Amino acid sequence: MPPPQVMTGLTAATMVDDASSYGLVNNAAIVVADGMITWVGHQTDLPSDYAGLEHQTFDGRLVTPALIDCHTHIVHGGNRAREFEMRLNGASYEEVARAGGGIVSTVAATRDATEAELLQTALPRVDALISQGVGVVEVKSGYGLDRDTELKMLRVARALGQERPIRVVTSFLGAHAVPSGLDADTYIDTICLPTLEAAHAEGLVDAVDGFCEGIAFDTHQIARVFDAARTLGLPVKLHAEQLSHIGGTALAAEYGALSADHVEYATAADAEAMAAAGTVAVLLPGAFYTIHETQAPPVQAFRDHGVSMAVGTDWNPGSSPLGSILLAMNMTCTLFRMTPAEALAGTTRNAARALGLTDCGVIAPGMRADLAVWTVSDPAELSYGIGINPLHTRIFGGVI
C-alpha cells in the first residue's frame, strides 16, 4: 500500500448525490490513505494535519471517480466479424444462422476454448477498458449453456481481477438462450438451475441475470431463476424489454432487481415500478446501434419518476462489439438524448448502484480511491468526444 498522499491541482467532479450536476469542486485537493479517500475539498481548506504529506499536483486537470462498465460479456470464444460482413453483403439473419452463425457460433467457440485461452482473449478487452479509466467491470457468463462451460467462464471472469488491477463483478447468465435440442423449461430444470447452485458453491457468482424476451425466456421461466437466486441470497438483474414488451421490467421491479438492462420498450408504468423498487435502468447504446433498433429507451419517463440511469458497453461478439465506455457515453447522449452529466453519473455512481456496490462511484471520504484523471477542462468533454481518449492517469486503490 502506498504512503498517504495529497492530490492537488485538480477540478474534482465528485458525482455525489446531493450535489448539482457534476458536484464540481474547483481548486480541489484529495487525500488518499490506505487505498481510501479520507478527505476532499477546496485546497485552501486542507486541514493542517495533512500539510506534511507528500503532495502530487495534476496541473488543473479534471478528476472523476474511476468509470464503471456495469454490463459486459467480455469472456467468450471466437468473434462474429464474418457474420457482420455477410449481413452487409445481403445475407439475412436466417442465412447467417444456417451457416452456423449467431449465438450458436459463440457458444461453440466458447465451449471449445480452454480456460487459459478464454483468459488470454479477454485480457486485451480488460486492458482496453482500463485504458479509458475503468476501475470496475461486470462480466457475465451465458455463452456456455452447459454446466462446465458456464463455470469455466465465471472462473475466467474471476481470474481477470487477479491478472489486472481492476475489480470484477460477476453475473450468472445461464438463462441467456435455449441450447439446441432442449425446450426452455427442460433447460432451466436440468442445466441452468443446477449450474447456478454449483457456481454459487464455488463462490463464482455475485448476481444472477437472465434474458427475458420472446426469443429467449418468458417471465414465468425467469421468475423460477430469480426464485432460485433468492434462495441462495443472490441479487438479480435482467435483460428486459429490449426487442418487445413482455413484462420483464415489471418482473425485475417485483423482485427488487439491481437493474433492468436495455429497456427500450419499457413504459412509464415500468419506470414507476422501477423507481419504487430502486431498480436502475441500464442503457446500452451499442446494441441499439448495432441491430438498427428504432425505439429508444424512455429516458424522460425515467427522469420523471426518478429512476437512476446507468450506461454500459454491453461488449459482446454479436449485438454490441463496443469496447469503449467513453463512446458508450457519447452514444447515450446522441442517440438517447441523455445529458453529459447523466452519462457521467451513468458510468460512476449509478453504475455502482446497478452492481450493488456502495464503496465506489463517487469522490467522497470513505470511498475507495479509484479515480480517473483527465486532460480536459470540462467534464462534458468526456461525452462530447468521438473516438477520443483524454485519460491522463487512472488510480486504482490509491495506486497510479
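This is a predicted model: local features need pLDDT of at least 70, side-chain atom pairs count only at pLDDT 80 or more; totals for chains, interfaces and linings use all residues.

Me: Which residues touch the most other members of the largest nonpolar core?

Reply: They are V205, V208, F217, I222, L283 and F302, in a core of 56 residues. Helix α6, residues 184–201, supplies the largest share of this core, with nine residues.

Me: And what is V205 in contact with, leaving aside its neighbours within four places in sequence?

Reply: V205 contacts L154, R158, T170, F172, A199, H200 and L234. Another core, of 39 residues, lies apart from the largest one and includes Y22, I74, V126 and A341.

Me: Turning to helices, at what angle do α5 and α6 cross?

Reply: The axes of α5 (residues 147–163) and α6 cross at roughly 40° and come within 9 Å. That angle makes α5 oblique to α6, and the crossing is right-handed.

Me: Which residues of α5 and α6 meet there?

Reply: From α5, R147, E150, L151 and L154 meet I191, T195, A198 and A199 of α6. By class, this contact has five nonpolar, one polar and two charged residues.

Me: Are α6 and α7 parallel or perpendicular to each other?

Reply: Their axes cross at roughly 20°, and α6 and α7 are therefore roughly parallel. The axes come within 11 Å, α7 being residues 219–232, and this crossing is right-handed.

Me: How do the residues of the α6 and α7 contact divide by class?

Reply: There are nine nonpolar, two polar and four charged residues. Among those that meet are I188, C192 and L196 in α6 and V225, A228 and L232 in α7.

How values were computed
Residues are numbered from 1 along each chain as its sequence is written. Side-chain values use heavy atoms; hydrogens and water are left out. A nonpolar core is a set of buried Ala, Val, Leu, Ile, Met, Phe, Trp, Tyr and Cys residues joined through side-chain atoms within 4.5 Å. Buried means under 20% relative accessible area, exposed over 50%, partly exposed in between (1.4 Å probe, protein chains only). Helices (H or I, at least four residues) and strands (E, at least two) are DSSP runs, numbered from the N terminus. Contact means heavy atoms within 4.5 Å. Axes are lines fitted to C-alpha atoms, for helices over the stretch in contact, and angles run from 0 to 180 degrees between N-to-C directions. Angles under 35 degrees count as roughly parallel, over 145 as roughly antiparallel, 65 to 115 as roughly perpendicular and the rest as oblique. A crossing is left-handed if the near helix is turned anticlockwise from the far one by less than a right angle, and right-handed if clockwise. Ala, Val, Leu, Ile, Met, Phe, Trp, Tyr, Cys and Pro count as nonpolar, Asp, Glu, Lys and Arg as charged, and the others, Gly among them, as polar.
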